[in-house]
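New notebook page, new structure. I want to jot down what I look up as I go.

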Amino acid sequence: MVMLVMTSDVYAEVVAYCLERLPEEACGMLAGPAAEQGMAYYGNEVCAFYPARNAAGSARLYTVDPLDHLRADRDVEMRGLVILGVVHSHTHTEPYPSPVDIDQAPDPKWHYVIVGLGRPLPTMRAYSIHAGQVIEKELLIGGLRHEHAQLII
Ligand SMILES: [Zn+2]
């Protein structure tokens, strides 16, 4: 199983931003160091979060604002990082890709992270989406498996 590793700082930033953006779906880009060439993903250690406006302005859909995406691209380049994936929130539903999320997943090498806000505690999950197929990834936050991490952060 492919793993996604996230620092506890980024985890806290992402969850805080998702809560802040309610009632809309929140979105943003995730970045980190590049993996070796030829890997099935661009890298799997997230160390930076770039919050973005949801250009769809919706509680059910998200579109990363193109200007915010561009700003993230420029910043990661300056820092010697790469965009590893995208994160968005589900305000009422489970953190599993919707049919639209699956249809519109632009890059099979990205990590697709979803924060579910439908339960008392935010729940984060990570997936790869390739040709309509969704595969969940193990998510480690600050070295802890996510189920343990959410209890202490
Ligand atoms: Zn979604």
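Predicted model: local features only at pLDDT ≥ 70, side-chain atom pairs only at ≥ 80, totals over all residues.

I started with H2, which runs over residues 66–79 and has 14 residues. From first C-alpha to last it reaches 20 Å, close to the 20 Å expected at 1.5 Å a residue. Then I checked burial and found His69, Ala72 and Val76 buried in H2. They sit on the same side of H2, because they cover an arc of only 60° around the axis. On the face turned away from that buried side I noted the exposed residues Leu67, Leu70, Arg74, Glu77 and Met78. What covers the buried residues of H2? My list includes strands S2 (27–32), S4 (48–52) and S5 (82–90). Just after H2, I saw that Gly80 takes a positive phi of about 75°.

The largest nonpolar core has 38 residues. Val14, Met29, Leu30, Ala31, Val86, Tyr112 and Val115 touch the most other members. Helix H1 (residues 8–20) gives this core its largest share, five residues.

Where is Pro23? I found Pro23 in the loop between H1 and S2, and the peptide bond from Leu22 to Pro23 is cis, with omega near 10°. Ala131 is not a glycine, yet its phi is positive, about 50°. I placed Ala131 in the loop between S7 (123–130) and S8 (133–141). Buried or exposed? Ala131 is exposed, with 7 other C-beta atoms within 10 Å.

Methods: Residues numbered from 1 in each chain as written. Helix = DSSP H or I, 4+ residues; strand = E, 2+ residues; numbered from the N terminus. Expected span 1.5 Å × (residues − 1). Buried ≥ 20, exposed ≤ 12 C-beta atoms within 10 Å, placed from the backbone. Arc of directions from axis to C-beta. Contact = placed C-beta atoms within 7 Å. Core = buried A, V, L, I, M, F, W, Y, C linked by C-beta atoms within 7 Å.
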